[in-house]
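Subject: Structure for you to look at

Hello,

Here is the structure I said I would pass on. My notes on it follow below.

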Amino acid sequence: MQSLPDSDRALDQAVGAAGGPPETLRQTLTLARRWRPAPDELSLEVAYAFRRDGAGTRIEARLGPHRLMLDEPVRLGPVEVAKPWGREIWFTGIEARGESTIETDAGALPLSQYLALAPKRLTGRRPLVLLKVLDPRPEPVLGDLYFEVHEQKREVYVVTHVDRRAWPDGRGAIRFGMNPALRRRYADDDAFRRDYLGAVRRYEAVRRALDAGDTSRAGEEPALRAAMDAFTAVRPLEVGDVVVVPTWLPHALQHGVRVVEFQTPTYERYILSFAQKVLTQPHWDTEAALPRMRLDVPEPPRFEPVAPGAERIVAFEDFRVWRVAVPGRGRFTLPDHPSYGLCMVVQGELGLGGLRLGPEQAAFVPRAALAGPHRAELATLVNDSRQPAVVLLAAPDL
């Protein structure tokens, strides 16, 4: 996680002061932006205004033209990151390739600057789960993602769209684990892994030749790719399906399948294979990952009911996700125990603390909203229409 200033200390002292807080408090905050290509420090001049009512004290932060109540949900502004297979749309990304924003009446504010205003009140000083949309191209091969594994990063996908130009029956796919039928033909898993590595190496040699401009071996590419892919398992996907990706599980979302993804906020992976030129690194990682790569295809996920209309679709060590169905004219108040909440609407339209959220629009809900005295107003999803709505909710301790 990025290094955030201890800006809450002065706020705590002001709120607890004898006779009550002052009208305003000014702080100069230093934000260390270590994720930037040229790391630097940014000085932020922030004024805080304290508003007392019968339920307690609310705080407004003023940073330049931006005015932000620290206990109110904010809309997340996405940033697009181009990929060889399509694009990613980040809603909570903070790194060298791009930074998401929050939207205020004055425009877009970088997410890191917002979080620096009061990390304890906003996130309980917990790292943000990475929320993004994966939007592959509809063309076969060109729109297929890297076949990869992760050592630390855990992911969960929720399918929101299947492009019928690619999949006329509305059923897309993901490469997910290794082929169990082929694996049973081997005397042991070591032999299976060796043959898979051999198939990858043969394909990689042709892939690198083609990427270098040598077209003389183009005729070999389809058969070698098919031989390599035969070692993998393919799972069909439809809109609404959930894919839980634990560590060391080989996976590759296929072309034309759009998903909302929540993941551990780390950037690490081992690329096993890719049917295009890899632009992010000069090598594949097949041999290094092979000994620890999972071979078993996981069972379909089981969902745990957690509240009326809500089910927990994944419970990883570092984050959890609920899927909540809000009926027409219905309401759902978010739980008060998480450090914060990330909300992404996937169906319908919902109100949340003054925001209106449609499909694939997202909001950050501060800790101060979930646990504060105004949570009934600020942390309740409201469906004003007669049609049902569905929202995904994530937090590290949900």
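The buried residues of helix H6 are covered by several elements, including strand S15 (172-178), helix H5 (189-211), strand S16 (232-237) and strand S20 (270-273). The model is predicted, so please read what follows as a description of a prediction. H6 itself spans residues 221-229, and its buried residues are Glu-221, Leu-224, Arg-225, Met-228 and Asp-229. Viewed down the axis of H6, these residues fall within an arc of 130°, so they line one face of the helix. An α-helix has 3.6 residues a turn, so residues three or four places apart point the same way.

On the nonpolar cores: the largest has 51 residues. Those with the most contacts inside this core are Tyr-48, Leu-70, Tyr-114, Leu-117, Val-156, Phe-262 and Phe-364. Leaving aside residues up to four places away in sequence, Leu-117 touches Ser-7, Leu-11, Leu-29, Val-46, Tyr-48, Ala-61, Leu-63, Leu-68 and Leu-70. There is also a second, separate core of 46 residues, with Val-162, Leu-182, Tyr-196 and Phe-274 among them.

On the sheets: 6 strands form an open sheet in the order S6-S7-S12-S19-S14-S17, with antiparallel pairing. Its edge strands, S6 (79-83) and S17 (242-245), each pair on one side only. On average, neighbouring strands of this sheet are turned by 25° against each other, direction ignored. Within the sheet, S12 (residues 130-136) and S19 (residues 257-263) run antiparallel and are joined by 5 bridges. Leu-134 stands opposite Val-259 in S19.

Strand S10 (residues 101-104) pairs in the antiparallel sense with strand S5 (residues 74-77) over 3 bridges, and Leu-76 stands opposite Ile-102 in S10. S10 also pairs with strand S11 (residues 107-110), again in the antiparallel sense, over 4 bridges. S10 and S11 form a hairpin with 2 residues between them, and Thr-104 has Gly-107 in S11 as its bridge partner.

Thr-28 is in strand S1 (residues 24-33). Residues up to four places away in sequence aside, Thr-28 touches Ser-43, Leu-44 and Glu-45. With Glu-45 there is a polar contact between the two side chains, at 2.8 Å. Thr-28 and Cys-343 are 315 residues apart along the chain, and their C-alpha atoms are separated by 31 Å.

His-374 lies in the loop between helix H8 (367-371) and helix H9 (375-378). Its relative accessibility is 17%, so His-374 counts as buried, the cut-off being under 20%. Apart from residues up to four places away in sequence, His-374 touches Asp-53, Ala-55, Arg-58 and Asp-71.

Two residues have an entry for phi. Most residues other than glycine have a negative phi. Arg-329, in the loop between strand S23 (320-326) and strand S24 (331-333), has a positive phi near 60°. Arg-329 is exposed, because its relative accessible area is 53% and the cut-off for exposed is over 50%. Glu-360 also has a positive phi, of about 60°, although it is not a glycine. Glu-360 is found in the loop between strand S27 (355-357) and strand S28 (362-365).

Regards

Methods
Residues numbered from 1 in each chain as written. Predicted model: local features only at pLDDT ≥ 70, side-chain atom pairs only at ≥ 80, totals over all residues. Heavy atoms only, no water. Buried < 20%, exposed > 50% of the residue type's maximum accessible area, 1.4 Å probe, protein only. Arc of directions from axis to C-beta. Contact = heavy atoms within 4.5 Å. Core = buried A, V, L, I, M, F, W, Y, C linked by side-chain atoms within 4.5 Å. Polar contact = N/O pair within 3.5 Å; in protein donor to acceptor, adjacent residues only side chain to side chain. Pairing = 2+ DSSP bridges. Axes fitted to C-alpha atoms, helices over the stretch in contact; angles between N-to-C directions.
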